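Dear colleague,

I am handing over the structure below, and after it you will find my notes on what was found in it. Please read them with the model open beside you.

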Amino acid sequence: MEAGLAFLGFETKTLFRWLARWRRQFEAIARGFELPDLTTTVFGPTQMVVLGAEDLLHFFARGNSDRLQRGRARLRAAATGQAGPGDLNSRWVAAHLLHFSDEAQAGSLWNPKVLPPSVPNLVREAFTVGNPPILTLWEPQRDLLNGTQSPFDPDIRRMVLAVPTSGGKTLVAQMLAVEHLARTDRSVCYVAPTRSLGREVRRAMASRVRILQKETGSDQPDYPMTIFDLLLALQPSEPADVEVMTPERLGHLLRHDTDAVLDRFGMFIFDEAQLIKESGRGFVLESVIALLDYLTKETDHQITLISAAMGNAGAIAQWLSPDGQYLLHQSEWRGPRRLHAAFTTHAHWETTQIDGGAGSVWKYRHTTELSGLIRLRMADGRITNLSVEETDWRLVRKSKDGSTYPNEVIKDQGRSTKNYVMASEMIAELGHAGSILVVATTRDQARQLATALADGRDDEPSLAPLVDFVRQQLGDNHPLVSVLRRGVGFHHAGLPIEILEELEEAVRGDILPYLACTSTLTDGVNLPVRTVVIYDQPFPGQHEDSRLSGARLVNAMGRAGRAGKETEGWIVLVRGADPTPQDFRDLNPGADTLAVTSSLTTETALEAFAQLEAELRTDEDALFTATDAPADFISFVWLMLAVEEGHGTDPDFADINRIVGSTLAARESDTARTLYTQIAESVRRRYVESDSDARRRWPRPGTSIGSARVIDNLARRITDAVLRAEAEGKLPDLRNPARAIHALPWMFDELLELPEAPEWRFRVTLRGADIEVQPRDVLKEWVSGVSLPDLADTYLSAASDAAWRIEQMVDAVTGQFQHYLAWTVGAVVEMVNARLDEEGAEIRLCPELGGYIRYGVSTAHALLLMTSGIRSRRLAHAVNDSLPAGLEPAYEDVRSWLAEMDIAEWRERYEASSSEILDLLEFTRVRSRSLLKTLLESGNVSLDLPGADRSVLSFGQRLSLVPAQDAPDPKPLAVYADEDLVAIIASQDHTDVQAILDTGLDVVLAIDDSVDLLSLLISLPLGE
């Protein structure tokens, strides 16, 4: 029974070891009875179940069809009573496993109907042996792979996959990417809308592609790496095989060198493609897809769009390939089923008490008792009601006349029970069933819900390490610290990225029971929980894009139900209003609601285009002052003209109809297309009239064309000033970031005046007086390594609320330094240095200045660390300060130096946290090497054991390779001889060895002590 249940879980890391241990135990029993096997004993059926299950597992993991046939024969023998005296449990388990093996084999990656025979075995093993293991596919995945068109057919160049969350679309995208890498010599570009999703995709891809000895690139800034000319030689020698990036970064790369992008990447995968619809960033995504599609109509480049919320997938596929040469896959299948509930309040009007003395105008107070109503929608559509009685909730209104039915009333917000308090008391009752994600519209709502949830809970000692980490980052007074102690967190963009990542990992690890968040967390991030609570509390002036509706709602609801852990997930809608049938309808948005349309075709956008078109009749320079959607469209057309000119096309003869027609917006409306074409013709005229060199420079910054003109002019003036100062002998060392920042205050002032610039503003309270802060002062300290809490305390001391101080500073650093100024300063620096080169000058303005601003570091070594996978700015500064003098800022030099230390030394020297140690292990790993690949292909692999203790070795000892005893997490890996420690696995080998252990494969260990430096030999058993 235990073997059968373990097998159905497909937890190979555990299952391989359990089955091997049980097999050896049965073999020992048989030897004791001097029998070849136990089929003539009462143990026979159980032995056959274990052996049969082990055979099946080896087939699903390694593809040996002989093991499949042998496993089925053994299970059949147990099920039919041929394996020994009757054992009903064993026969029952064997029969079920036998039936299950047929169904699982149909979805096995070793089935030639699922993956074509042309797909190399190593590609299959990247998934069946990789982490997590994929031994059989789900229904929509099988339907796609077994369809009349194979997604692995290189002639299929456009794909749209529209499958609900937990339907496995991301896994299919990974399979397409890995197969592409094995088949071609070009890389894969995976586009994710948020850095959170990008980190998750990067981690998942890495575990797959490394088995092929391929690499996944580290997180990079959104602006182009071409400004890092001096650092390119310091990176790993070979570019990554899979790059995960935002649409903004891909757009910047294309603006700088479309040919280089197309030469490097052969496949482009766009995740969360429904975000095309959103205002602001939506056209960034649309324009990048349109440009790629435009440039690759006649090439073999593949473009795949995936989405969990695309109501018009067919129309999107037609956009990419109007001739119908595309693969469209749609499915409504989902892993865990979703169950819906709605929580609303019920006012007991008969309990209303009316009291005077409420005020001079609204003189009377009407107090009404409230109860809660939970409506459960059953699988058959019936609604069952549950009441939440005996509450102390109150609705308090005020009137002028005190009558029972007053004509005018207002709500007394101060005396009425807060909606978040009522919601939190209901949410707390759901916690016993599993982890809960509460999705709110605003940061304040998320924080309020978390605070109210924590008020009724005791401390959670198991969260002490996470609490300590947050305390170090934010200080003792931040409200996140107090709620985390009680098992509740809140997650929003006003917190440092390191903390957001730790909160996400705590939920994934079932450590944090409750997390309240804004909807940005749920955009594609794999954060499955038992229950999702949708806290829908609209407010006046709320923008439609921020509402929890449509695709945003679908994404949030998709987190309910943990595939592989449970069969269902709950979605609870919370509204502080009377119940209506619309509550449940809102939880099932239809295809029209989920239709993906261009952000250029909204009513607001079309009005802006019409106004621009009217302005252009009298002044075509209006192109340079356009903002919002029209500015984005103008920049797109200008870029397309520059690309065509770069390919030798006279801009006078560029096909404007084709350029406009490449957008989704033009396909949606003939009227809109006519308007866009008129504006595009104006853009062409102004493009032709502009200086031939300048017009091809202006698309490169990625701003509006008007702002690009300003940046170009600013770069010219800075160049003149640099040359003049050099001639006068007054030029400071502009390669030093701090001196460059100090020398160019007016550059920052002018950039902050551009329409793209976020507002630089701090306040004492949310609506209080302004706090005067100079951007350059904060920037200099940020680059020098001052922490966010210290920056907040220094510059925002006038704000008494510690959480409000840190939130404002995080917003400023994230919006200004890590995005806007890093982007625009990088553009200015690039233009300045190009001009200096044209002038024949040797001096350069700090080429890496945008990178230093983005990451908050000030040396090449620290910048190298931050652009190579080290996420902690604090750690980058700490490592930089400890480097020996003379160590070159080259990737391999820094990697080798850090790899000489073990985890314990990192922890002691740098006070490294768990996540920082994991980053160091990844950084010190030897690139383009896979010990697992070697083991799978040759059957054995060896590695050196520096510092091994030869004295503890003796004949006949049992060797083990396990996490070091009594070490804090993350533990180093250690080799033991019986109970004696032989060696700690070197830091640079840790990740590779852990990948072997994660497979769960039964391995044989041996130590070669015939040479001075001991080595560990890891082998697969004979016959495996």
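**Notes on the model**

Of the 1024 residues in the chain, 56% are buried, where buried means under 20% relative accessible area, exposed over 50% and partly exposed in between, with a 1.4 Å probe and protein chains only. This is a predicted model, in which local features need pLDDT of at least 70 and side-chain atom pairs count only at pLDDT 80 or more, while totals for chains, interfaces and linings use all residues. Residues are numbered from 1 along each chain as its sequence is written, and side-chain values use heavy atoms, with hydrogens and water left out.

The chain has 40 helices and 24 strands, these being DSSP runs (H or I of at least four residues for helices, E of at least two for strands) numbered from the N terminus. Its radius of gyration is 31 Å, close to the 31 Å that the globule rule gives for 1024 residues, so the chain is as compact as a globular protein of that length; the radius is taken over C-alpha atoms, and the rule is 2.2 Å times the number of residues to the power 0.38.

The structure holds 68 salt bridges, each defined as a side-chain nitrogen of Lys or Arg within 4 Å of a carboxyl oxygen of Asp or Glu. One of them joins Arg-23 to Glu-27, with the closest N and O atoms 3.8 Å apart, and both residues lie in helix H2 (residues 12–32), four residues apart, about one turn of the helix. Arg-23 is buried at 17% relative accessible area, whereas Glu-27 is partly exposed at 33%. Both also belong to a network of salt bridges that includes Arg-24, Glu-54 and Asp-1002.

A further salt bridge pairs Asp-55 with Arg-74, the closest N and O atoms being 2.7 Å apart. Asp-55 lies in helix H3 (residues 44–62) and Arg-74 in helix H4 (residues 65–79), so the pair ties together parts that are 19 residues apart in sequence. Asp-55 counts as buried, at 1% relative accessibility, while Arg-74 is partly exposed at 21%.

Asp-811 and Arg-443 also meet through their side chains in a salt bridge (2.8 Å, N to O). This pair links distant parts of the chain, with Asp-811 in helix H32 and Arg-443 in helix H15 (residues 443–455), 368 residues apart. Asp-811 is partly exposed, with a relative accessible area of 32%, and Arg-443 is partly exposed as well, at 24%.
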